[in-house]
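Thank you all for coming.

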2 protein chains.
Amino acid sequence: MDIKGFQFSAVEAAVKKPGRKDLALIFSEVPANACAVFTTNTVKAAPVLLSMEHIKSGSTQVLIVNSGNANACTGDQGMIAAHETSRLVAEGLGLADDAVQVSSTGVIGVQMPMDRIRAAIPAAIDGLASGTLDDVASAIMTTDTFPKMEARSGVAGGTNYTVAGIAKGAGMIMPNMATMLSFIISDAAIEPAFLQQAFRRAVDTSFNAITVDGDMSTNDTCLIMANGMAGNPVISAGSPAAANFEQLLGEVLLSLAKQIVKDGEGATKFVEIRVTGAASGVEAKQAAMAIANSSLVKTAFFGQDANWGRIFAAVGYSGATVNQARLSLSFDNVVMARNGIFAGDNAEARGTEILKQKEFTVSVDLGVGNGAATVYTSDLTHEYVSINADYRS
Amino acid sequence: MDIKGFQFSAVEAAVKKPGRKDLALIFSEVPANACAVFTTNTVKAAPVLLSMEHIKSGSTQVLIVNSGNANACTGDQGMIAAHETSRLVAEGLGLADDAVQVSSTGVIGVQMPMDRIRAAIPAAIDGLASGTLDDVASAIMTTDTFPKMEARSGVAGGTNYTVAGIAKGAGMIMPNMATMLSFIISDAAIEPAFLQQAFRRAVDTSFNAITVDGDMSTNDTCLIMANGMAGNPVISAGSPAAANFEQLLGEVLLSLAKQIVKDGEGATKFVEIRVTGAASGVEAKQAAMAIANSSLVKTAFFGQDANWGRIFAAVGYSGATVNQARLSLSFDNVVMARNGIFAGDNAEARGTEILKQKEFTVSVDLGVGNGAATVYTSDLTHEYVSINADYRS
């Protein structure tokens, strides 16, 4: 992957325990146009509060991120830690303080081990020459079982550019505005207002359309940095290059979001939920999210049980307008229920076969209007319970 | 238990499969003042739709209830089945059609086996002389592991009366207006308008304050019948007898609601969630329900992990106003966090001891106002996943 003007590093700071690289940097050689969406949880981690301030300039140059400790519910001491981290990175790289974004993920309520962070930052800065984006993708993992990366290349005004992204997820995933952590970088030159619009639209149909367990983190952050080092003519709204960039950006974010669901804690199934026939797009998403978050639906997926009645029940309490006499439901191309009732015994056997697949689509028509939405979810398994009953030990 | 003028029966109709009594009657020898709350799920089972019509008279005389089949998502055929069931019971007992309430619980989307229901109704009517409320409590069980009953006796104008109730729950429990199924009977004479007010208030702080898995059923019903056969002077609002009746009714409902949580599918813990310091009572309940429904919180309870950070995260996304700098949290009398941050290492060990108990209380102060609410929940366990991945087989 050739992405100009970005450097990476990952080092071991032993934030939670020794044995793996858990502190990483993404550095742009020049200031990058940047924007971010953060958790809408009112209980926000210290680094989120700090980064929300720093991003207001519309520009950033470096991201420091650690796994192992969320620096959330840590009060004044947590804010002091986030500020110090930001300052040490800025000083080490000769930047203004607000050119730094700080992200953290891990356990909540424990103070950051600042002695070890302090000690590790110089090595992280020194390592920038030799690291890769893959190193960062690995360093931000917590209960993730694989690093999540995606990249696309485009052309603007005859110049090649790249959009690449990494993400981490696994648990506490039902972003309302952003996901756990995802960092997108591009060497394209992009007009800031368009960057922000395109980014928000892409987040909406990717990270805001996934759910693993319905829990929203205190630390969710999705950040994009575009440094213009590809040398293309600036991409602004309304141009063919803009449409192409937005397409590529959407593909990168959707790929990362799907990777998060596929790596959902304990997940054995990847399920696409498509709701159509809703009174509005908002109601379609409401219904889709109710299905995607229902413990009874998710355990039925795990059990490969074509229990479509639980899906109708979830739709019924979602708050979306439903025409019960016109409700229909399919697993992939097998119609399970039509006009509110079971489609027949043959459907049962065929639907069960669909649910034995690792990936399938649930389509529900609410029979009301033209609103549609798609969300992505996983199943609820023994492994999810094991991971989360035992996460801190 | 001496409750005048009520008769009971339970017979085997083999609704789902043979081997247990699954069809039951509660019959009042005279018309009883009655009211009910039903599921707010827009996908309502046929018997719910029928019973909503029949209860409009403010009076009922007999309830027929089956387990094994919910008669939900069954379309016109399901409505015909509910009507026929009601008619057969009315004819058998020489009553008007709308004197019958019909309730069903079990699998969704399967048509009722009306041949077997038809055949069993005469035996159910014949059995009324000899059955007990216990028989009905057992007949309505699905994945419940024990029958749920409670009774209290009161005095009005020198006359003794009784309030008794039964319930079934276990899964699909997060009523918004009623629980799965609960039937309350009393031989007291009670003025209808007061009966309705007292009943709704009691439901609000009992069945509407519990959650097992956040799923709301298509069949939730809570019905009360008061037949006046105790011969007491009619109890009406504002009297000491009314206050006493409301107290007893509240105790019966809260006991049944707690029994449902204790018998929650796979539950190993019974947890009381008390939220105080909220901007309003509504926000307090919002925060308490977010905690009570969080998969991450519930798995931590199962793991006996004093992971209070997950509780703060749930409060943060609940939508309730939170003063993060004044948030506090206790497990029983052990303060885990104060002013938004961890109370210290000793708390960790002591909190873990609390979570090893079968029952404990989580108290959260949002630090904003005077709103308070209490809800009851269980943990999320391997057994829950097993039961629900495998419920229909």
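Let me begin with a question: which are the buried residues of helix α10 (residues 345-355) of chain B? Before I answer, please keep in mind that this is a predicted model, in which local features need pLDDT of at least 70 and side-chain atom pairs count only at pLDDT 80 or more, while totals for chains, interfaces and linings use all residues. Residues are numbered from 1 along each chain as its sequence is written, and chains are lettered from A and ligands numbered from 1 in the order in which they are written.

The buried residues of this helix are Ala347(B), Gly351(B) and Leu355(B). They lie on the same side of α10(B), because they cover an arc of only 70° around the axis, the arc being that of the directions from the helix axis to the C-beta atoms. In general, an α-helix has 3.6 residues a turn, so residues three or four places apart point the same way. A residue is called buried if 20 or more other C-beta atoms lie within 10 Å of its own, exposed if 12 or fewer, and partly exposed in between, with C-beta atoms placed from the backbone. Helices (H or I, at least four residues) and strands (E, at least two) are DSSP runs, numbered from the N terminus.

On the face of α10(B) turned away from its buried side we find the exposed residues Asp345(B), Asn346(B) and Ala349(B). The buried residues of α10(B), for their part, pack against α8 (295-302), β11 (328-331), β12 (334-338) and β14 (359-365) of chain B.

Turning to chain A, we have 11 helices and 15 strands, and buried residues make up 61% of its 393 residues.

Now, how do the two chains meet? The contact takes 51 residues from chain A and 51 residues from chain B, where two residues are in contact if their C-beta atoms, placed from the backbone, lie within 7 Å. On the side of chain A that touches chain B, α9(A) gives the most, with nine residues.
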